[in-house]
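Here is a short note for someone opening this entry for the first time. Please keep the sequence and the 3D view side by side while reading.

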Number of protein chains: 2
Amino acid sequence: MSSPSSNTIKYSKMISSKHGYKKSRVKSNTSDSDLLNIVMPKADTADNYFFQYLSFIVWTVALAFCSSVIIKKLCYAAAGSGIPDLKSIFSGFWNSSVVQPRVLIWKVLGLLFSYGSGLSIGKEGPYIHISAILANTLLNIKPFKNIATNETQRSQMLASCCALGVAATFGSPIGGVLFSIEVTGTYYLIQNYWRAFFTATVGAVGIKILLSTPSNDLLESYRTSFESLNLATVQLLAFIITGILCGLLASLFIYMYSKIYTWKKHNQDFIKKITPYGEVIIVAAVTAVITFPLKFLRLDHASAVHTMFTAHDGVNTEELKVWTDSMPFNNSILLACFLYILVKLVLTAVSVTLPVPYGIYIPLFAIGAAVGRFVGESMKLIFPHMKDIYPTGYAVVGAAALCGGATRTVSSAVIILELTNDMTFLVPVLLGVVLSCGIGNLLNHSIYDCFLRNKGLPYLPFVKIKSDSLVAKDVMKREFRYVTRKTTLLRIQSVLDNVLDYAIPIVESDDNLFLIGTISRTTLEEVISYHERLHSYSLKSPIEGEEDGSGNTIITINSQNHNYYDNNDNDNSLLLQEESSQIEMNLIPKSESIDQLDSNQQTQSQLQNGSTDHQDINNNNNSGDIRSSLSLNNEIIIDIVHMELQNPWVVIDTSPIHIVESMPVRKIIFMFMMLGGNVLFVTNKGQLVGIINKTDIVQKGYLHHK
Amino acid sequence: MSSPSSNTIKYSKMISSKHGYKKSRVKSNTSDSDLLNIVMPKADTADNYFFQYLSFIVWTVALAFCSSVIIKKLCYAAAGSGIPDLKSIFSGFWNSSVVQPRVLIWKVLGLLFSYGSGLSIGKEGPYIHISAILANTLLNIKPFKNIATNETQRSQMLASCCALGVAATFGSPIGGVLFSIEVTGTYYLIQNYWRAFFTATVGAVGIKILLSTPSNDLLESYRTSFESLNLATVQLLAFIITGILCGLLASLFIYMYSKIYTWKKHNQDFIKKITPYGEVIIVAAVTAVITFPLKFLRLDHASAVHTMFTAHDGVNTEELKVWTDSMPFNNSILLACFLYILVKLVLTAVSVTLPVPYGIYIPLFAIGAAVGRFVGESMKLIFPHMKDIYPTGYAVVGAAALCGGATRTVSSAVIILELTNDMTFLVPVLLGVVLSCGIGNLLNHSIYDCFLRNKGLPYLPFVKIKSDSLVAKDVMKREFRYVTRKTTLLRIQSVLDNVLDYAIPIVESDDNLFLIGTISRTTLEEVISYHERLHSYSLKSPIEGEEDGSGNTIITINSQNHNYYDNNDNDNSLLLQEESSQIEMNLIPKSESIDQLDSNQQTQSQLQNGSTDHQDINNNNNSGDIRSSLSLNNEIIIDIVHMELQNPWVVIDTSPIHIVESMPVRKIIFMFMMLGGNVLFVTNKGQLVGIINKTDIVQKGYLHHK
């Protein structure tokens, strides 16, 4: 503002791109360390141009190949962006394979190779993924373990760390939080807001301190500094055009990606026939062959963005020459931008179908900057006498708008404002992003949603069932396992062995499926171990005993019977005396229990899966003395409701959310989304008639969608 | 960054505060228009100091009094901030009296007087309120009316306009959206994000264009421009201290406000005894008496903030002198800041208990700036040889942190960054705000939540029931109105007259309260008008006819009978012939209907409210021929389920969310919050046993809370 030359742009000191992006090894033509000169001499010495070209191709292919081998052979979970996988987790489908420590190692290595190879890819997705894995690994360490057991708290913790991941990628804590909210969630609880910001702030303070030496400021390489901008001119229209153009290009990019992905899927056999790892080698080779001849295509994305944002009218002309010198006409920056957009858009769309770790933000950022610069330079040509047209400012708007359009995040505007450290273009940037997002939303889904869909990950908001014709009755599981109020240990064990759900329904009896409530797996396991402890009796030991020698087994069983009917003789009598009263409450006389089991058997026919445990028992009854006494012991009847009244650790949720058979699936999806949980119980006049699992809904929803 | 003098601060050109805050009329000592000189000559001419002092007091009291009269006599809904009222609306409790156009007029006028009087208040709340009223008024105009009928869309529209309100107050579109999300919501759907940003962007573009003349830039008065900041020093600790200090002060402010409010409530009679409008007159007089002698206390908040943010070390010393000259010691800015914090904090806490329109953001902003400046100046005293200590930067951090701490919004950081147009202090600002919010959350509720609580507005997340002992059974309404599947027009009318809920339950019959579904008021009204049209028969006309002359009434009834049993003779025969088949389906023979009504009567005793309509009918039956035939006609039995099958416009929601009697109220509140809606149906084995209304829950929750 105190600059004497008004209407021109003041430029921050140029930071060598190797500081900004250490991993972009080969093509950074501003970095000229000795090592690089040995491997790949300067392109300007004409005599060994061919050698350079070849080594460039070899290096690109080799690095991309390494990355692909890591992913394909060692850890497929480390492939791709990672954002879709986290989005699926945050929508309630926990998938521990995505956030394991080993994925972290391969993701870091794979990203090093793939990002360094020169493929047209970014790194924001992998960074977020790495943060999430780190968070999850920390949660498994002892002092934080109690957080991990609470599903909601674990999710919040992961979400906060995702914010940190973006903050680290871009050095923008505010944009980071907002970006991670937008790309991973469908709705956001305001109470988590503070936590995410706290995490991001700690991260930002850390980065600031780590990189505080003046010559090595990661965050300063994008800095711009514009004079004030007058919006009440034709420029407002130009910004609107930039926004709309970026929205269209973003949609085109997503369309291209989808088409390439589909084509590759249909021709997978053909691609494999040519060579193993064929696609990676071909794409890497093509990338190298195309980008080497034109210097500006070889630039890493950070350098390209730096030139677009800062080089202009006698400032940083060295950088700008890289772009214009390769062109047939003199100073034809317009043509260079056009070529850059065309080549990079196609290469990026192809690269993100490869089995390597990738992001898409930074390539799109560079392409968007070129789009903006193109519009800006055109404006300068059309209005040569207008004073305050900054093509570099247009580049800033374009970069934000294209990223916003592809990822459908308004926070791209915040990220770029933090990145450029300059608020002058606040309104044009916001305008561009909002328009680009709007245009994009009209045309197709965001790129992350496309990744998610192609990976086949479960995600609730995708299941869009327009008609109300599909109701609960159509999607519910009619064959389900349950625990009756009065049940046996064997039956509980059988249910636990066959059901994966966390909440298991308790019904009145097999005749009367009146839904009493739900009980958690953990509590049922505790119920079993409680009775095992009580009788020093394991469900599995009798069968093992039978294998070892039947004589021993009988003795064991007898001692158990003894324990039950006459506690005083037992070694554990002190413990058992205290608990004896409630045992007698919880256990019902045997004669009654057998009668009930017989009657149960008749109604069991309707429940194909549920009946196996009872048949086991009856098989046992028919096969001699040992088995008979064994099964009788297993048939100790436990009344769960009585147990709950007497034992504080037995918790029954007596008010599970139950729905009627006629509830439309659309409404069920809404309930899953908003209330969380994994299972809904379908009742008819209080009787349990079906169970709806979130995963089932997603599968049926996908079917319905296609 | 191209400034030759490094480590000093470059200052933007000073904008006269009258441009920034046109409404702050009296005390702006930088504005010296002729009019002001006549009313209140410069304070510096010593001979008429007393006259100035007096006129200052008179003006302050007079303007505050006017504002208070407007609110108390003309429109009480215009009082206060407006944010709590909107928060209540967004939480699902629609209150049309808050968003009526007349409130707009009185709010604007009241704010003009109260803000102009010199009371220590802000304007962000009223601006948001005004935006919401404008949005609501627009929604009642024809082209937008279909949006207004959809509750969700209406809420989204209002929420977007609230974002615009903040954007207009601070000139910060991004901060505006985030602030309005944080202060009005409990959770936020990401899909609305874009809409809110679009609205705010349009607003920001509009402001930019309207205020684009260089000399009149509203948004530039707060601009700062710092050199780069090194965080890896003792300054990091100082910023943390600023954040914590602001958090404590914010909590103290909220505590003071609550105490003053409670004291005033208990001593209302005493205050009224002294004088009508006593509190306003006293507070205004005290404000004037205290603030006049010390010039810097007289400053409007915008000027104070401007000085704190920019005046330093030989730059803008004129402004700084206003602060230091009044002090006994020379240049004791520390003492001035301390006095400013003390006086303003108390005055603001008192002012926001008055019945005038007020905001709290801008006074807190100024106080926070003083807090930050205090810490900054202290740092400079403690470390005199450290080079990059900017007390002005501390002022920025303090302003954001105090506002963040009182409103519990992280977006205060974004607002201040947009306001100062400078990202250099991004990390310290974020750090201060996050710490201040965290400290605040540990100590008490946000100031807006206190407003909400004191106004007694319904708001769900406040109802915090820790124990699970309170269940659905305890809070449900056991006496409720319903429509039976087979019902009469008179009964439907009676239910409509007595029930305000939107969704009315349909049960199987009076004996069997099996919940079939719910039907909307609108549909029931249409059902009545459909049958009225069908029979050219109005429910109300027989009674009116009876009053006019019984002879006429009989004729009317006869012609109705005629219509019903023999459609061909009717004038509307063409219309009716088409519909005759379904009439016969929908209407059940009379004999059956009367039997059913008799049996119904027996079970009605359990429903005190529900029985009135049937007693009406029976009274009619016993009182002569005319009434008898009248009541028989009213007893045309309609089967609503049949009607739904044959008429696409009759929509029954066959899957209302029903819950069991044992569901904890905590869970019910969660369902209301996440799923929306106003009513939940409590069933037992499919039988409707009670209805839970959101409003009832809030009332019982409040009771439970106290």
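1. Surface. This is a predicted model. Chain A exposes about 29,000 Å². Carbon and sulfur atoms supply 59% of that area.

2. Overall make-up of chain A. The chain has 706 residues, and 58% of them count as buried. It holds 34 helices and eleven strands. Among contacts in chain A with a separation of 6 or more, 74% join residues 24 or more positions apart.

3. An open sheet. Four strands of chain A line up in the order β2-β4-β5-β8, with mixed pairing. β2 (483-484) and β8 (652-653) of chain A stand at the edges with a single partner strand each, so one side of each has no neighbour in the sheet.

4. Inside that sheet. β4 (residues 503-507) and β5 (residues 515-520) of chain A pair in the antiparallel sense, over five bridges. In one of these, A:Ile504 has A:Ile519 of β5(A) as its bridge partner. Helix α25 (residues 521-535) of chain A lies across β2, β4 and β5 of chain A. The helix runs at about 80 degrees to β5(A).

5. The largest nonpolar core. It has 255 residues. A:Phe309, A:Trp323, B:Phe296, B:Phe309 and B:Trp323 touch the most other members. Helix α18 (residues 361-382) of chain B gives the largest share, eleven residues. A second, separate core has 45 residues, including A:Met663, A:Ile669, B:Leu470 and B:Ile659.

6. Leaving aside residues up to four places away in sequence, B:Trp323 touches several others, among them B:Phe296, B:Leu299, B:Met308, B:Ile333 and B:Tyr340.

Note on methods: Residues numbered from 1 in each chain as written. Chains lettered and ligands numbered in written order. Predicted model: local features only at pLDDT ≥ 70, side-chain atom pairs only at ≥ 80, totals over all residues. Heavy atoms only, no water. Pairing = 2+ DSSP bridges. Helix = DSSP H or I, 4+ residues; strand = E, 2+ residues; numbered from the N terminus. Contact = heavy atoms within 4.5 Å. Axes fitted to C-alpha atoms, helices over the stretch in contact; angles between N-to-C directions. Core = buried A, V, L, I, M, F, W, Y, C linked by side-chain atoms within 4.5 Å. Buried < 20%, exposed > 50% of the residue type's maximum accessible area, 1.4 Å probe, protein only. Areas by Shrake-Rupley, 256 points an atom, 1.4 Å probe, with all protein chains shown as cover.
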